[in-house]
Amino acid sequence: MNTTIEKLLNDQIKFEASASMQYLAMASWADQKGYNGVAEFFYLQSEEERAHMIKLVKFVNERSGIVIVPQLDEPRATFNSLNELFEIFLESEMNVTQQINHVIYECLQHKDYNVHNFMQWYVTEQLEEEAVARGLLDKLNIIGDDKSGHYLFDRDINTIAAANANPE
Ligand code: OFO
């Protein structure tokens with residue numbers, strides 16, 4: 001495996017791992033605050049990011065590359081509001097999309113069409129995750145500071161997320 005591509009895939013392993021830990025911290029914060037629906041949503045997101053990381057680890061090993069299991073910074077653990085939580089979620093997904101686009105760009109530069117092909121799965125996944133994050137943040141912006149709106153958002157978050165994941 002080309003060493004530049006191997007390094008980029010290891011960076012991507014770290015980004016997915018960091019997102020997984022950040023979403024776990026967000027789930028835990030929501031759990032403490034009594035937002036059970038939001039907590040479940042982020043526990044699930046955390047598991048998904050972990051699965052994205054493992055998929056990369058297995059791929060690098062299959063291609064006889066060397067995987068570096070990364071050391072991570074401690075994720076942010078406290079948030080001022082639900083809005084801030086979901087702003088960070090959207091920002092994180094947009095960053096991951098940029099990183100994936102960068103890997104794809106470098107694959108083309110190095111004519112590594114195999115990795116390029118593998119990364120297409122992540123492109124599709126990111127489209128969906130960004131749409132979900134944007135949709136949820138839009139709803140929270142409509143709700144504003146209304147406490148009963150937050151209650152309903154927490155109750156319905158998984159239905160709202162599913163609707164944004166499969167836009168008509
Ligand atoms: Fe949503 O970050 Fe993984 O790919």
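User: In which helix is Leu85 found?

Analyst: Leu85 is found in helix H3, a helix being a DSSP run of H or I with at least four residues, numbered from the N terminus. The model is predicted: local features need pLDDT of at least 70, side-chain atom pairs count only at pLDDT 80 or more, and totals for chains, interfaces and linings use all residues. Residues are numbered from 1 along each chain as its sequence is written, and side-chain values use heavy atoms, with hydrogens and water left out.

User: Why is Leu85 called buried?

Analyst: A residue is buried under 20% relative accessible area, exposed over 50% and partly exposed in between, with a 1.4 Å probe and protein chains only. Leu85 has a relative accessible area of 0%, and is therefore buried. Leaving out residues up to four places away in sequence, Leu85 touches Met26, Trp29, Val38, Phe42 and Phe79, where contact means heavy atoms within 4.5 Å.

User: What makes Val38 count as buried?

Analyst: Val38 has a relative accessible area of 0%, so the term buried applies. Val38 belongs to helix H2, residues 36-62. Beyond four places in sequence, the residues that Val38 touches include Leu85, Phe86, Phe153 and Ile157. Between the C-alpha atoms of Val38 and Ile143 there are 15 Å in space, although 105 residues separate the two in sequence.

User: Which other residues of H5 are buried, and against what do the buried residues of H5 pack?

Analyst: Besides His150, the buried residues of H5 are Gly149, Phe153, Asp154, Ile157, Ile160, Ala161 and Ala165. They pack against H2, helix H3 (82-109) and helix H4 (113-143). An α-helix has 3.6 residues a turn, so residues three or four places apart point the same way.

User: How close does H5 come to its expected span, and where does H5 bend?

Analyst: The 19 residues of H5 reach 26 Å from the first C-alpha to the last, close to the expected 27 Å. There is a bend of about 65 degrees at Asp156 in H5, that is, an angle between axes fitted to the seven residues ending there and the seven starting there.

User: What makes the pair Thr97 and Gln126 a polar contact?

Analyst: A polar contact is a pair of N or O atoms within 3.5 Å; within protein, one must be able to donate a hydrogen and the other to accept it, and residues adjacent in sequence count only if both atoms are side-chain atoms. The side chains of Thr97 and Gln126 are joined by such a contact at 3.1 Å. Thr97 is in helix H3 and, at 16% relative accessibility, is therefore buried.

User: What lies at the start of H1, and what follows H1?

Analyst: At the start of H1, a side-chain oxygen of Asn2 comes within 2.7 Å of the backbone nitrogen of Thr4. After H1 comes Gly34, with a positive phi near 90 degrees.

User: What is the phi of Lys111, and why is Lys111 called exposed?

Analyst: Lys111, a residue other than glycine, has a positive phi near 55 degrees. Lys111 is in the loop between H3 and H4, and its relative accessibility is 60%, so Lys111 is exposed.

Terms used:
Helices (H or I, at least four residues) and strands (E, at least two) are DSSP runs, numbered from the N terminus. The expected span of a helix is 1.5 Å times one less than its number of residues.
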